[in-house]
Amino acid sequence: RPQAQRTAENQCSSCNAGYYLSGTVCQAWAGSCQNGQLRPLAQRTAENQCSSCNAGYYLSGTVCQAWAGSCQDGQLRPQAQRTAENQCSSCNAGYYLSGTVCQAWAGSCQDGQLRPQAQRTAENQC
């Protein structure tokens with residue numbers, strides 16, 4: 001504050017980057033970032049602002065969110081290995097991993113019946 005407006009010592013009218021005015025005192029934007037790294041102080045404009053996230057998480061605004069989802073006919077990747085929603089790591093019997101999705105072994109049998117789904121390990125198994 002200008003000298004003429006001060007009623008006590010250390011009265012602020014504005015603050016440096018990373019700080020906010022609380023009454024007449026500058027306070028640092030603090031906080032934490034669950035599953036990631038907190039923004040450097042000079043870049044913060046609020047509490048709890050993340051700048052980057054740990055493996056398996058993505059930055060949504062200033063918060064780290066887990067890549068989630070489900071894996072139909074298989075098992076989800078461990079959290080730290082996910083880079084998107086719905087990523088499978090392995091598949092149930094009768095299915096194979098195509099990228100990050102479980103696909104059923106399919107096909108047809110011209111002169112017979114296909115094996116039950118859970119017994120197939122390739123296409124067109126009679």
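Predicted model: local features only at pLDDT ≥ 70, side-chain atom pairs only at ≥ 80, totals over all residues.
Residues are numbered from 1 along each chain as its sequence is written, and side-chain values use heavy atoms, with hydrogens and water left out.

So where does Gln-49 sit? Look in the loop between strand E3 (36-38) and strand E4 (50-53); strands here are DSSP runs of E, at least two residues, numbered from the N terminus. A polar atom of the Gln-49 side chain lies 2.7 Å from the backbone nitrogen of Thr-45. Setting aside neighbours within four places in sequence, Gln-49 has contacts (heavy atoms within 4.5 Å) that include Gln-37, Arg-39 and Thr-62.

Now for the rings. The structure holds three aromatic pairs (ring centres of Phe, Tyr or Trp, the last by its six-membered ring, within 6.5 Å; planes under 30 degrees apart are stacked, over 60 edge-to-face, the rest tilted). Tyr-20 and Trp-29 make a tilted pair, because their planes meet at 35°, with centres 4.3 Å apart. Tyr-20 is partly exposed at 27% relative accessibility, while Trp-29 is buried at 19%. Tyr-58 and Trp-67 form a tilted pair too, 4.3 Å centre to centre and 35° between the planes.

Last, find strands E9 (residues 95-98) and E10 (residues 101-104), which run antiparallel and are joined by four bridges (pairing takes at least two DSSP bridges). Tyr-95 has Ala-104 as its bridge partner in E10. The two strands form a hairpin with two residues between them, and Gly-99 in the turn has a positive phi of about 70°.

Terms used:
Buried < 20%, exposed > 50% of the residue type's maximum accessible area, 1.4 Å probe, protein only. Polar contact = N/O pair within 3.5 Å; in protein donor to acceptor, adjacent residues only side chain to side chain.
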